[in-house]
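Notebook open, new model on the screen.

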Amino acid sequence: MTNMRAAEKALDLHITIAGTEPEIWRDVRVPAAITLTDLHKVIQRAFGWDNRHLHMFESSNAAGQERRFASNEETIMELETEPAAVFTLEDVFTSRGTTLVYEYDFGDTWQHEISISGHAVAPAGQLSCLAGANRGPVEDSGGTGGYRELCGILLDPSHERHDDLATWYSWVTNKPAAEFDPQEFDLEKCNRSLARLSPQLGDATPTPEEMATVVLPAKWLLQRVGADGLELTKDDYLKPAVVADAMTTLGWEKRWYGKFNRESQTLPVFELRSTLQDWGLLRKFKGKLVRTPAGRKTYDDDVRLWGYLADRFAHPRDSGEAEVRRRLVDWLLEDRVPPHNMLGQAVADSLMSAGFRAADGAGITDAQGMYLFIEARRTLATLGVFEEEDFLDSPPLASEAGLKFLLEVQRRQNEQHED
């Protein structure tokens, strides 16, 4: 259930990527008080960028006064710009004749020309795309000229470079080149992505209903264990009736195949139980699964359980695992989890950049990176974070409640990182 939000002033922006033909553009509605750093995030999603490169805003008014704004601290210092995070659209558009340009990727130099096309009133924090045309350019395609050439070659199977560029396109996008359509634009998909960004720009305080949704799997098992404990099989697994009950009560039937009558063969339930043990909420004792002191304090308190789960996911015992979870949370919040064929390498590169190595001192392999990503995702999936109807997607999408939980996890991760 979503709370009714107060209304606020909004601006309708017309954003065009200069030099594109046919023209690539979006009409978006954003809060008038949105910061330039947050507008950067909106533009990234509206045009389908992957946020791989640096960016900068440049404005000029009728008097010829020019200003530059950036979000990255190194860019601010190197180019002597103003910090984009402390200036809003209202701060920039203070007079008639003001122009604003968003430059993304200083190598390819994608210039997004931004103008105000109207004024509106909208629910506080709401972001929406009103219209648009043509898909956003492919990352690293060489600017407007390079992208125009790429489009022509991908659409011409007889071209001598078609196969090479088709292979490259499939690699960087994880999509078949045969389906490439430069005129494609999915307004509904764009708005779903903006809706997932909206909670991150305003009040991300979860409602009681949202907390209950996220903690439900953990709370269910804690309550199923009860004050007296839950008797296990002779092999220390949950009994078949409990496994089946978990799958149906939690609505997890589509997550697994089979009869759900053995925990050892029903991975979602096995991982839920294992995670709660690993996080110190449950333990095995004399053939039973019983609550720990932490489990007894949280089993009927959604607020306390929410905080406990966020803290445990944010702070695993292993520092390498913590780094992988940090990347997973960042990617999910930014709506840009790398394509499946690049995930292992992305995780491995992230770990190597942070100074991690394999036990023998060798580099982290792509296979190891993929394994670590899957483990982190599976652990997060034991909670009610993802949209269940999208669970089989790779990765599944976080619900609004899930996004707020991820923001809480990120806050705790950042606190530890700063320490």
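I began with Asn51, which is found in the loop between helix H1 (36–47) and strand E3 (55–60). For the element names I use DSSP runs numbered from the N terminus: helices are H or I runs of at least four residues, strands are E runs of at least two. Asn51 is not a glycine, yet its phi is positive, about 55 degrees. Its relative accessibility is 26%, so I filed Asn51 as partly exposed. My cut-offs: buried is under 20% relative accessible area, exposed is over 50%, partly exposed is in between (1.4 Å probe, protein chains only).

Some bookkeeping before I go on. This is a predicted model, where local features need pLDDT of at least 70 and side-chain atom pairs count only at pLDDT 80 or more, while totals for chains, interfaces and linings use all residues. Residues are numbered from 1 along each chain as its sequence is written, and side-chain values use heavy atoms, with hydrogens and water left out.

Next, Lys286: another non-glycine with a positive phi, about 50 degrees. Lys286 sits in the loop between strand E10 (282–285) and strand E11 (288–291). With a relative accessible area of 74%, Lys286 is exposed.

I also looked up a cis peptide bond, which joins Glu21 and Pro22 with omega about 0 degrees. Pro22 is in the loop between strand E1 (7–17) and strand E2 (25–31).

Then I went to the interior. I count 47% of the 419 residues as buried. The largest nonpolar core has 58 residues, and Leu309, Leu380, Val385 and Phe405 touch the most other members. Such a core is a set of buried Ala, Val, Leu, Ile, Met, Phe, Trp, Tyr and Cys residues joined through side-chain atoms within 4.5 Å. Helices that give two or more residues to this core include H7 (208–225), H11 (302–314) and H15 (400–418). H7 supplies the largest share, eight residues.

What does Phe405 touch, leaving out residues up to four places away in sequence? I listed Val214, Trp306, Leu309, Ala310, Leu380, Leu383 and Val385; contact here means heavy atoms within 4.5 Å.

Last, the overall picture. I have 15 helices and 11 strands in the protein. Among contacts between residues at least 6 apart in sequence, 66% join residues at least 24 apart. The C-alpha atoms fill a box of roughly 80 × 55 × 40 Å along the principal axes.
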